[in-house]
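Biologist: I'm new to reading protein models. Could you walk me through this one, a question at a time?

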Amino acid sequence: MPDLLVCSGSSVLLPGNDHPSPASIIIDKSSGKIVDVREGHHTREELGLGADIVEWIDAGKNVVLPGLVDAHVHLNEPGRTAWEGFWTGTRAAASGGITTLVDMPLNSLPPTTTVANLEAKRQAAEGQCHTDVAFWGGVIPDNQDHLKPLVGAGVRGFKCFLIESGVEEFPCVEEADLLLSMKELEEARSILLFHAELAEPVADVDDPDPRQYSTFLSSRPQKLETSAISLITKLQKAHPNLRCHIVHLSAASALPVIRTAKSAGLPLTVETCFHYLCLAAEDIPAGHAEFKCCPPIRDASNKDLLWDALKDGSIDCVVSDHSPCVLELKHLEDGDIMTAWGGISTLGLGLSLLWTEGQKRGVSLGQVVDWTSKKTAEHAGLGNLKGQIKAGYDADFVLWDQDAGYVVTKELLQYKNKISPYEGLKLRGRVEQTYLRGRKVFDRHVGFEGLVPFGKLL
């Protein structure tokens, strides 16, 4: 028999359950896999495994959750490591209970649009990762010949923009580009992710003040998202075997188009982000560009509709879209929201954010974990390895104090550029320890002291 690790607790969130229950998780230490899950309370003797148990974790009052899978993260390495990097980004992820993340094809230099560029990113990541890391590829004009080789090299799927991305090395695509790419990806049985805003004329604002959030919000109206998603579903009808995915949905006005497409049987999936579910435009003060992202945070009534869509399944999952930059690009001194980089940093806070807001809305812990772990793992093609506490799966789990409260401070943030729209917010629920394949990768009391990064590149 192999050496075994057992994590036993009175509150373990098992697949299909809304609420935790007593269970013992039995893990093969050499493979890092779960070999059995036994429901109920157990002592060492009751498990009947004798000397094979070489390590025992008593979860105590903590809830044992599956490790989260964040399928939308910008780590920016190589090339823009002043913005973020594998070392700091994966540390931040582990501190928030994330055991697997999927890196976006931009804003690294080079972007992940060829196999050579993917290899450059893998080489940069080697030995730096405190979590497992997978990669999305990118679709840009004229890189159709690179798509199938990238699938063969292991990317989980591809992302494109229907509006300028903000970085010149990752230009947006037109409908003609999409038709060529969708054919290639359908044949390769891959998936295509869309930044779903369509560049359209927008009405001018009288006497615009670049420090006012309302000025920025007027420049990215909901119709840009609705038009883009209408185009995507039209194109998808010609490629019905290609799953298309809407990243970071913010516009509730697009939900009827999404529901119609899903009802018609189109393989369409949708994510939204913590910031769209937890923040509201009317609460954003002037000159605070830490709240700027694209598409924008919208008003409270829109937020309510997104929550309704999440609960009824129209929206499939929740991700961070962690999109950091150096502090200078946020224009903190002059408060110019219009000029500032658009991106919100969230790694490490998402589980607490969703739990805090979800409790106001009658959401169970099982739903929160389903949206941030099981569904995101399935979206990234990792649903047979990650996202559930289940025999045969990687032993990725979190000890979570669901009742602990804390205030977000800069000192708590583990990512590189310590800016957050959540600073000063009181959250409920705190990660105590995070385990990747049965090995501890974060401990709240000692941080990362004595813990060596051993994340895999998936």
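Biologist: Where does histidine 248 lie?

Modeller: Look for a loop to find histidine 248. Helices (H or I, at least four residues) and strands (E, at least two) are DSSP runs, numbered from the N terminus. The loop with histidine 248 runs between β12 (243-246) and α8.

Biologist: And what kind of model is this?

Modeller: Residues are numbered from 1 along each chain as its sequence is written, and side-chain values use heavy atoms, with hydrogens and water left out. Local features need pLDDT of at least 70, side-chain atom pairs count only at pLDDT 80 or more, and totals for chains, interfaces and linings use all residues, since the model is predicted.

Biologist: Is histidine 248 buried or exposed?

Modeller: Its phi is near 35°, a positive value in a residue other than glycine. Its relative accessibility is 2%. Buried means under 20% relative accessible area, exposed over 50% and partly exposed in between, with a 1.4 Å probe and protein chains only, so histidine 248 counts as buried.

Biologist: What is omega for the peptide bond between cysteine 294 and proline 295?

Modeller: Proline 295 is in the loop between α9 (274-278) and α10 (300-312). The bond that joins cysteine 294 to proline 295 is cis, and its omega is about -5°.

Biologist: How are α7 and α8 oriented to each other?

Modeller: Their axes (lines fitted to C-alpha atoms, for helices over the stretch in contact, with angles from 0 to 180 degrees between N-to-C directions) come within 9 Å and cross at roughly 15°. Angles under 35 degrees count as roughly parallel, over 145 as roughly antiparallel, 65 to 115 as roughly perpendicular and the rest as oblique. That is why α7 and α8 are roughly parallel.

Biologist: Which residues of α8 make the contact with α7?

Modeller: The α7 side brings Thr226, Ile229, Ser230 and Thr233. They meet, on the α8 side, Val257, Ile258 and Ala261.

Biologist: How does α5 sit against α7?

Modeller: Helix α5 (residues 175-187) and helix α7 (residues 222-236) pack at an angle of about 40°, with their axes 11 Å apart. That makes α5, relative to α7, oblique.

Biologist: Which residues of α7 does α5 meet?

Modeller: From α5 come Glu175, Leu178, Leu179 and Met182. Their partners in α7 are Leu231, Lys234, Leu235 and Gln236.

Biologist: Which residues does leucine 178 touch?

Modeller: Leucine 178 is a residue of α5 that meets α7. Not counting residues up to four places away in sequence, leucine 178 touches Cys160, Leu162, Val173, Leu192, Phe194 and Leu235.

Definitions and conventions:
Contact = heavy atoms within 4.5 Å.
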